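Here is a brief report on the structure shown below. Keep the model open while reading.

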Amino acid sequence: MTDFPESLFHLPSPAYLHLIRYILLGATLTFFAYAGLVLGGSVLSVSTSLGDRNGKDSFVRPLSRHFMEASSLSLLPILILALLPLITVGLIATSLFHFSLNVGSNLWPGVLILAVSGSLLLLLYKAGDPSIHSPGTVRLLLGGGGTGLFFLAYLLVIVQTGSYMNTELWQFSDRPVTLFLTWNNCARIGLYLLLSLAAAGARLLQIMYGKNGINARQGNAMKNTAKGITLATLLLLPFLIVADIYTLPTAALNGMVYLTGAFLLLLPWAAVIVLLESFRNDRSGSGTVIFILVILTFPVAVTLDHLGREQATAEKMILLQEKSETEKTAPPPGAETPVKKKQDLFAEGENVFDKVCSACHRFDQKLVGPPYNLVVPRYRGKVDELKAFIRNPVKLDPAYPAMPKLGLKEEEIEAVAVFLLEKTRDVQ
Amino acid sequence: MMIRILQILITGYFGAFLLLLAGLGVGWSRMNLSPEQPIAFPHTIHVTRLGLPCNFCHLYVDKGKHATVPPLSICMSCHQNIATDRPEIVKLTGYFERGEPIAWNRIHKVPDFVYFTHKRHIKAGIDCSACHGEIGAMKKVWRVRSLKMGFCVTCHEKYGAPQDCATCHK
């Protein structure tokens, strides 16, 4: 890790830092849910039309179109709910995690490119009416390409956010495969993809309940297709929820994570119960209820990620906060640093003494280390020697333990040396 | 009727996963990653604020197999005079005067059949945080790594350290 990129980004101030964590949460909340719906709908639409190359089949063709309708893809929402959050998080998380926490591998730029081009192709795919304009193959290429790109973007967001909570792998950040290819990421990929399909299925069901015009037999067949997809994916979901929590890194675990996991199981359960009920009592409201239950599962899954991430990075955040606080008090880089006046140095030195040295030293009394009044006068006129000792203490007096190396900054060493000499000036 | 039965089955199905999850949760809390200590020793003050290096207290971390938790004499070299009125330090002084060693609860422990040594790792330039997390920011130490075999082996693989069984199982 060179210093170069770090110098491009200023460390965020503590208040800003706090904000950033919630921006990441907010962005992933909208992104995962909406982009998941788009992805699920597109995957289902494209894969159904694969079975109907020339777009003639009277069941498959409308089904494919309805799946695209279920994906709820359109220009404004995709800009606001998917791409905008990505851009915000991409910019911010890049500066926060990549440069400040040294997570070297950074997928956000790639995510953005894939997501933008994927949604463009998908928008074109959705706009083209197969019966009039484009021949089937071109449409399929648009749909397949768009779905593929969008799918990759979704995948990368999942593994990137997963890597933030796997602190024990950050030391391998120059090896993306190690960092990203974890069992936990595999489980999360499965979880979000299943949820996406379930959401698209549930949305299709909701749409079918609202459509009255089409012939009843076809409508029923489509409803049943939607129910089948939703049911199958929801039933597989618990495996992945448990796998996700089981594979979380030790550092990311806490009580809230388990509680959220339990809640994550309850929503799909409720959706399945309502869905089964609809086989007996087919009321048009059930489509909406099922869809809401499924789409609400996304924010819970994202909250689970968030809690794990907060837990795993808690200490890093504390250190970062302290680092940014000391940086804030330091003069900005490049600003002229006028020669400090002696009083300033004295005051600064007193500060260092209070904070660090006073743990072991007094002026007139032996503590862990010798009293300054005894040892400092030897350094009169030899401030550089004193500074050298403080910078890198050597074992001197057998009557004392060795003084540890304290890791002070050069300015602090300068200041405290001046302070000590000044304070002991009148000692005989 | 059929539907009712299915609904009950489904509830049982999800309930089983809920139980599994609860089991995982209980297992996690039984691992007790952060046991209570006889004295609430804050690494935050000593490491981050005072800037003491780790081996100031963990004397043998770069010299031997065990890092060792510091003897009371190290604490008392400062706490004979510092913060002597705080309840935790009063407790500390009590131990010291009675000549009784503090029974710190172990947090990191590999099973007896595993051979682990700090010295080789520190000499190889590996940071404490790779295996212990950011101790300097923990008010109370907790274990943030699994210390399972996979954890050790993954890193050995990356650094090209020995991976044959006899390295860690003597």
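## Chain A overall

This is a predicted model. Chain A exposes about 19700 Å². Carbon and sulfur atoms supply 64% of that area.

Chain A has 428 residues, and 52% of them count as buried. Its secondary structure comprises 15 helices and 0 strands. Contacts reach across the sequence: among those between residues at least 6 apart, 77% join residues at least 24 apart.

## Helix α8 of chain A

Helix α8 of chain A covers residues 183–210. Its 28 residues should span 40 Å at 1.5 Å a residue. The end C-alpha atoms are 41 Å apart, which agrees with that expectation.

Is this helix enclosed or open to the outside? Of its 28 residues, 21 are buried, so α8(A) is largely enclosed by the rest of the structure. Buried here means under 20% relative accessible area.

## A nonpolar surface patch

Five names make up a nonpolar patch on the surface: A:Leu75, A:Leu76, A:Leu79, A:Ile80 and A:Leu81. Together they have about 460 Å² of accessible area.

A:Leu81 lies in helix α4 of chain A, which runs over residues 75–100. A:Leu81 has 31% relative accessibility, so this residue counts as partly exposed. That class lies between the 20% and 50% cut-offs.

Key
Residues are numbered from 1 along each chain as its sequence is written. Chains are lettered from A and ligands numbered from 1 in the order in which they are written. This is a predicted model: local features need pLDDT of at least 70, side-chain atom pairs count only at pLDDT 80 or more; totals for chains, interfaces and linings use all residues. Side-chain values use heavy atoms; hydrogens and water are left out. Helices (H or I, at least four residues) and strands (E, at least two) are DSSP runs, numbered from the N terminus. The expected span of a helix is 1.5 Å times one less than its number of residues. Buried means under 20% relative accessible area, exposed over 50%, partly exposed in between (1.4 Å probe, protein chains only). Patches are made of residues with over 30% relative accessible area and no salt bridge: like charges are joined within 9 Å, nonpolar side chains (Val, Leu, Ile, Met, Phe, Trp, Tyr) within 5 Å. Accessible areas come from the Shrake-Rupley method with a 1.4 Å probe; for residues, only the protein chains shown count as cover. A salt bridge is a side-chain nitrogen of Lys or Arg within 4 Å of a carboxyl oxygen of Asp or Glu. Contact means heavy atoms within 4.5 Å.
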